[in-house]
Amino acid sequence: MMAGRSFKVYVPCDAAAISVGAADVAATIRREAYRRKIDLEIIRNGSRGMLWLEPLVEVEAGSGRMAYGPVADGDVASLFDADFLSGGSHTLAHGMTEEIAYFAMQERITFARCGVIDPLSLADFEAHGGLVGLRKALAMTPSAVVETVTASGLRGRGGAGFPTGIKWKTALEQLDDEKYICCNADEGDSGTFADRMLMEGDPFSLLEGMVIAARAVCASTGYIYLRSEYPHAIKTMRCAVDIWREANLLGENIEGSGTNFNIHIRVGAGAYICGEESAMLESLEGKRGEVKVKPPIPAISGLYGKPTIVNNVLTLATAPFILAKGAVHYKNFGIGRSRGTQPFQLAGDIARGGLVEKAFGVTLRELVDDFGGGTRSGKPIRAVQAGGPLGAYIPTRDFDLEMDYEALAKAGAMLGHGGVVVFNDTVNMARQARFAMEFCEIESCGKCTPCRIGAVRGKETIDKIIAGDNRTENLEILDDLCDLMTEVSLCAMGGLTPMPVQSAVRNFPEDFGG
Amino acid sequence: MAALIDKLEHAPARLICGRHDNRPDVLLEILHEVQATEGWLSDDALHTIADALNISRAEIHGVVSFYNDYKREAPAKHCIKLCHAEACQAVGSGALAAHAKNKWNVSTGGKSADNKIELEAVYCLGNCALGPSAMIDGELIGRVTSERLDALIERCIEESECE
């Protein structure tokens with residue numbers, strides 16, 4: 001090893017990486033380098049999204065970075081012995097990070113910088129294409145910004161898939177002096193972590209998207225509603241906002257453009273329903289997170305009765321790319337009416353769990369088998385639940401389904417926020433159906449009866465089915481109850497809880513004594 | 001709720017409200033901060049917040065009882081949250097909760113008899129590829145096995161004995 005040379009080592013500060021020891025590994029590398037009198041700089045980057053390899057340590061090696069993982073504390077000395085700082089071979093070595101098939105097969109747009117840069121370095125952010133979209137937007141008229149986003153075909157990534165440009169246009173057309181941009185970072189769906197990963201790995205991209213949205217609809221105040229279960233993301237986002245204020249990327253007359261915009265971070269308090277936009281707005285006003293009747297839609301009358309854009313983290317963080325590269329470039333990814341890319345999250349019993357950003361049209365089989373590598377346990381896959389706790393249970397025979405809003409809806413499923421949770425053959429689908437009802441019972445805001453009472457009755461009815469009590473009759477009652485909840489619930493909580501229940505009954509009748 | 005009537009001034013709560021300009025829309029944040037300072041939300045604290053923000057005690061009760069994070073009684077010394085959502089269920093979170101109950105005699109939602117630990121169910125910690133997940137006193141832990149959980153609980157118990 002050359003004396004006097006300085007090395008760059010990357011150890012993620014992402015919460016998932018920390019949950020399996022990344023902070024300890026970083027400290028051990030620092031100590032070991034000191035002991036060996038090696039000059040090295042440790043950068044705490046975000047995660048590359050290959051979570052089964054975390055803690056994934058990377059070393060800068062000329063043309064790119066070499067990956068080593070999963071690194072345990074006890075491996076550090078042997079990595080130094082193997083001269084990993086110069087890319088030495090080791091049992092944990094995976095070659096160049098970006099040549100790992102899992103990573104190389106992706107189309108990273110929203111997550112292009114995540115895991116690459118130091119999340120809180122503005123210089124790093126700019127060096128990797130940050131601020132280009134924002135500066136373009138600031139030089140454009142609001143309606144031109146809206147038109148670009150509309151032309152890109154971008155749809156809301158929170159789950160509903162509503163065209164973003166139409167929402168922005170509606171808000172722009174309102175003549176109120178005060179308008180709001182509210183980022184929904186209440187990522188409560190089980191099996192999803194993309195918002196968290198992005199906020200921890202590339203927080204400025206979200207801020208950039210929010211300022212673009214503010215420019216587009218002439219809003220002056222923004223809020224990020226972030227769930228309390230994400231303490232690392234909260235800390236990172238707070239620092240990011242401070243850095244942007246210092247740099248006049250937030251505040252008065254941003255970069256001399258005449259746009260005034262500020263962002264405040266608000267922390268939720270453990271209520272799944274606050275991911276529903278009207279409940280989130282109530283919560284932002286300091287109230288109980290109860291769902292409101294629509295119309296009026298938030299883009300016309302939202303926070304404090306003012307026009308409000310409510311968009312998911314990923315939707316907002318994708319806007320800068322669209323502005324920078326143009327609507328057509330983005331629209332060229334995807335199929336049908338699902339344009340662009342979707343960050344999928346592979347979770348549950350899966351060998352290679354993590355984040356996969358791919359253009360729409362990728363099949364479930366490609367995600368689960370090619371990327372995911374089957375189950376972690378080695379047992380056969382029985383089902384996946386796609387789209388969070390309100391999404392359908394899909395059997396393996398349907399794995400050729402293309403990931404596309406319309407195709408999934410036609411198959412009685414949904415994309416939601418892009419979560420894919422894999423279950424092995426030990427799963428009991430009647431139990432999962434029961435849990436869907438139980439979760440709705442726990443998390444219902446209580447405003448409407450079909451959801452509040454339906455969930456309880458649904459759980460009781462599934463209990464009877466599990467116990468073998470009048471199965472045929474109770475399955476009919478359950479189906480009828482599910483239809484009622486779907487039709488008349490106020491929001492997606494009660495309206496979609498039947499999706500996992502009915503898909504479980506339909507696709508796995510044997511677990512319901514059928 | 002009778003206990004909420006006629007309560008004493010709670011100085012830390014008053015201070016925190018003042019720092020937020022006594023704005024009622026910042027109520028959730030104020031409750032978080034008071035709870036972070038005191039560990040829980042006492043009648044005195046809620047009374048003081050209601051007074052400072054000029055909103056009714058009923059409104060405060062409505063908010064506090066709606067959200068899972070807010071605690072209305074003093075917590076155990078260490079809080080262990082186990083994720084019970086689908087992605088963690090798929091890798092055995094149910095067995096983990098059952099193990100905790102058998103070995104440590106703490107049910108989900110309950111405290112140990114000596115008040116050293118409490119066990120809470122949470123629905124998703126955003127660590128779904130590395131489950132089962134737990135959060136112990138705010139620290140996120142992935143790929144939790146029953147052995148790992150035992151070691152973490154033992155650490156909590158030892159720490160409470162040192163305090």
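Which residue in strand 8 of chain A is the bridge partner of I224(A)? In this predicted model, local features need pLDDT of at least 70, side-chain atom pairs count only at pLDDT 80 or more, and totals for chains, interfaces and linings use all residues. Residues are numbered from 1 along each chain as its sequence is written, while chains are lettered from A and ligands numbered from 1 in the order in which they are written.

**View 1. An open sheet of four strands in chain A has the order 8-7-6-9, with parallel pairing.** Strand 8 (262–267) and strand 9 (308–312) each have a single partner strand, so one side of each is left without a neighbour in the sheet. Strands here are DSSP runs (E, at least two residues), numbered from the N terminus, and two of them pair if DSSP finds at least two bridges between them.

**View 2. Strand 7 (residues 221–226) of chain A runs parallel to strand 8 of chain A, joined by six bridges.** The bridge partner of I224(A) in strand 8 of chain A is I265(A).

**View 3. Strand 6 of chain A is mostly covered, with six of its six residues buried.** A residue is buried if 20 or more other C-beta atoms, placed from the backbone, lie within 10 Å of its own. Y180(A), C182(A) and N184(A) point one way from the strand, whereas I181(A), C183(A) and A185(A) point the other way. Strand 6 of chain A pairs in the parallel sense with strand 7 of chain A over six bridges, and C182(A) stands opposite Y223(A) in strand 7 of chain A. With strand 9 of chain A, strand 6 of chain A pairs over five bridges, where Y180(A) stands opposite T308(A).

Terms used:
Buried ≥ 20, exposed ≤ 12 C-beta atoms within 10 Å, placed from the backbone.
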